[in-house]
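Hi,

Here is the model I promised to pass on to you. Have a look at it first, and then read my notes below.

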Amino acid sequence: MIIGILFMVGFSIADKLYFLDVYGTDCEMCPVAVRKGLLRLRGIKDVKVSDIDFEKNITKFIILSDDGLRPDDILESVKETGKIVGKPYRGKITGVKDIK
């Protein structure tokens, strides 16, 4: 799956993959809203949903970004999207991988 993301979008030497868990996603539109919010951030090239668990209200994302993106920007975007849609989204970055 990760390789598919890389080939769909293209990548440069300084790119990173962020693995993000978002808590509070309890309906089918939640992952859509979070993805749209993340794609508005400068430096994000693509966002894919890798897993959805509506029983636990967790959606997992894989984010392809350039090296200029700060992890705090990702978490703030998740929080702000939650405020817009009226849900208490919380994000947690579970991993970062440099792509070389």
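**The sheet and what packs on it**

An open sheet is built from 4 strands in the order 2-3-1-4, with antiparallel pairing. Its edges are strand 2 and strand 4 (90-98), each of which pairs on one side only. From one strand to the next, the twist averages 20°. Strands (E, at least two residues) and helices (H or I, at least four residues) are DSSP runs numbered from the N terminus, and two strands count as paired if DSSP finds at least two bridges between them.

Before the details, a word on the source: this is a predicted model, in which local features need pLDDT of at least 70 and side-chain atom pairs count only at pLDDT 80 or more, while totals for chains, interfaces and linings use all residues. Residues are numbered from 1 along each chain as its sequence is written, and side-chain values use heavy atoms, with hydrogens and water left out.

Strand 1 is joined to strand 3 by 8 antiparallel bridges, and 8 bridges also link strand 1 to strand 4, again antiparallel. On the strand 3 side, leucine 17 stands opposite leucine 64. On the strand 4 side, phenylalanine 19 faces glycine 95, and aspartate 21 has lysine 92 as its bridge partner. Strand 1 is mostly covered, with 6 of its 8 residues buried (buried is under 20% relative accessible area, exposed over 50%, partly exposed in between, with a 1.4 Å probe and protein chains only).

Helix 3 lies across strand 1, strand 3 and strand 4, at about 150° to strand 4. For these angles, axes are lines fitted to C-alpha atoms (for helices over the stretch in contact), and values run from 0 to 180 degrees between N-to-C directions.

Which residues of helix 2 (residues 29-39) are buried? They are Cys30, Pro31, Ala33, Val34, Gly37 and Leu38. These residues sit on the same side of helix 2 because they cover an arc of only 160° around the axis, taken from the directions from the helix axis to the C-beta atoms. The face turned away from that buried side carries the exposed Met29 and Lys36. Among the elements covering the buried residues are strand 1 (16-23), strand 2 (44-53), strand 3 (58-65) and helix 3 (71-85).

Aspartate 46 lies in strand 2 and counts as buried because its relative accessibility is 7%. Its side chain makes a polar contact of 3.5 Å with that of arginine 35. Such a contact is a pair of N or O atoms within 3.5 Å; within protein, one must be able to donate a hydrogen and the other to accept it, and residues adjacent in sequence count only if both atoms are side-chain atoms.

Lysine 16, in strand 1, is also buried, at 17% relative accessible area. The lysine 16 side chain makes a polar contact with the aspartate 98 side chain at 3.0 Å.

Best wishes

Terms used: Contact means heavy atoms within 4.5 Å.
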